[in-house]
Amino acid sequence: MLDLLAYDFMQRSLLASAMVGGLCSIIGVFVVLRGLAFVGAGTSHAAFAGVALGYLIGWPPLLLAIVFGLATVWLTGWVEERGRMKLDVSIGILYTTTMALGILFIGLMKSYNAEVYGYLFGSVLSVTPEELRIIGALSVLVLSLLLLFAKELYFIAFDQEMAEASGVPARQMFFLLLTLVALTVVVSLKTVGAILVFAMILIPASTAYQLTHSLRTLTLYSACFGITTSVVGVLISAIWDVPSGPAIVLLATAIFFTAVLFSPKRVKRTGVVHSH
Amino acid sequence: MSSDGTEGSVSTDHSPIIRFDHASFGFPGLIALKDISLPIYDGEFVGVIGPNGSGKTTLCRAVLGLLPPVEGHLHIFDCACSELRCHHRAQIGYLPQKGVVDRNFPVTVLETVMMGRYGALGLLKRPGKKDRQIAMDALAQVDMVSHKDTALGHLSGGQQQRVFIARALAQQPKVLILDEPTTGLDITMQHNVIELVQHLHDELKLTVLLITHDINMIRSRVDRLVLLKTRLYAAGPPAEVLKPEILHQVYGKELVITEKDLVIVEDYHHHH
């Protein structure tokens, strides 16, 4: 195993997976609290359509992934605000439409392109130095914005209307959160792939949610779960030669079910404090 | 249509802090409130009553600056409703209709109250010692200091209402709006909450807008009652608003006035 760590590609993929694991699990806290789980799933498919289009017309795939991802989340946010359509319906439509576009773009390509499938299923072991720099820069950007607006994002996750009524620019903060989700999805595409990226956002935060009543601890636990499962998942992938995306996600799922079994919240459910 | 809303026992020597001027709210074709003209003065305790769907919550949202009028004007702190900025909103404390609190949301009582400081603080500023002190004072006002580190989801409904009132107070508001604060509480809790609101009005000189179905509970406490049913049917001292002919117009046969002048909601026919 130590031999493996000597390779450049291995160092790059461990670094990439640690960053992606940390980023996904921290933004995941706000996604879980605000109830945006399905939005992220839709966004990852839209971002993949962007990647496919990039390869088809010869543009930078990550750039188009960002464009597609942002367009989807903003449209979703706009629909939710208008209340014209149930959110699950509008996302369901966007989700499948963008996936259809992705498949169409792949079909239009003259030849088989293995790199595109890397974005679909994740291939962290093939992360290039340039991609690593992009992942690093976007991670720093997203985490800084999260930190700067943490108190507002926390408030809108708890009660958006209340936040707006008490003088927090809640709508802007909601769109900021959606934007950060889209950027996170794009950052993670190469590591875990479009189909599985959402697990990286949802599972570590949901695992931590089982274990604590404090936001600070929740975020800390979530980041720990996210980083650990990503790094260990990549090692498993390299050592046993299995795909990295499934290795990471299945490991995270195993930890999630363990946490559910031992959740103190499940125990407390029968013993609510009724002091008067 | 017995009143234009300007009468009342409160002195009118200063300009109102909230002023509805022939204001209508809703969407074209679906008007929730029509042609409302009503001034609300600094330090008033106003009760807002009316049947279900009469536009009471719409009135709340309008005063919060969340719903500009489609016709007419609404001025809050001398500012048009649509131009109400975040720092204005921070001066209005709001207790929304009791929704379902996610029992597992990771938030303690003190953290909930601290949220009341966020709007007033503005973006990019972290709450400091002073904000914590304001939040603790607000908790003391509602007598919940001993629960400050309890998870919000572990409290009873009445206790959660007190915490949410404390959060509104932490904004250090000029106006406090409460939308049916007693709904879903047992009778003792209902009295506790209304007494708390009265106390806050008296002690902190807050302008209070209290929306409720429980006319009996507030009639002796408020300065003015506002009776809504899409339109403004009456506004004035409780004795002037709670007249059989006015109530009958709004509530129909479901409401009778007994000899002791108590308002009882029940089927009129059973007594005849």
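Let me begin with one residue: setting aside neighbours within four places in sequence, A:Ile27 is in contact with A:Val142, A:Leu146, A:Leu180, A:Val181, A:Thr184 and A:Ile201, where contact means that the C-beta atoms, placed from the backbone, lie within 7 Å. This is a predicted model, in which local features need pLDDT of at least 70 and side-chain atom pairs count only at pLDDT 80 or more, while totals for chains, interfaces and linings use all residues. Residues are numbered from 1 along each chain as its sequence is written, and chains are lettered from A and ligands numbered from 1 in the order in which they are written.

A:Ile27 and A:Val181 have the most contacts inside the largest nonpolar core, which has 175 residues. Such a core is a set of buried Ala, Val, Leu, Ile, Met, Phe, Trp, Tyr and Cys residues joined through C-beta atoms within 7 Å, and a residue is buried if 20 or more other C-beta atoms lie within 10 Å of its own. Helix H9 (residues 170–192) of chain A gives this core its largest share, 14 residues; helices here are DSSP runs of H or I with at least four residues, strands are runs of E with at least two, and both are numbered from the N terminus. Because domain 1 (1–91 + 177–241) and domain 2 (100–173) of chain B both give residues to the core, it lies between them; the domain bounds come from an automatic or database assignment.

Staying with those two domains of chain B, their centres, taken over C-alpha atoms, are separated by 24 Å, and the contact takes 13 residues from domain 1 and 11 residues from domain 2. On the domain 1 side, helix H2 (86–89) and helix H6 (187–204) of chain B are the elements that give two or more residues, and H6(B) gives the most, with 5 residues.

Turning to the chains, the contact takes 26 residues from chain A and 24 residues from chain B. Helix H8 (150–165) and helix H11 (215–240) of chain A each give two or more residues to chain A's side, with H8(A) giving the most, 8 residues.

Finally, chain B has an open antiparallel sheet of 4 strands in the order S2-S1-S4-S5, where two strands pair if DSSP finds at least two bridges between them. Its edge strands are S2 (30–40) and S5 (79–80) of chain B, each pairing on one side only. Strand S1 (residues 18–27) of chain B pairs with S2(B) in the antiparallel sense over 7 bridges, and B:Arg19 has B:Pro39 in S2(B) as its bridge partner.

Note on methods. Two residues are in contact if their C-beta atoms, placed from the backbone, lie within 7 Å. A residue is buried if 20 or more other C-beta atoms lie within 10 Å of its own, exposed if 12 or fewer, and partly exposed in between; C-beta atoms are placed from the backbone.
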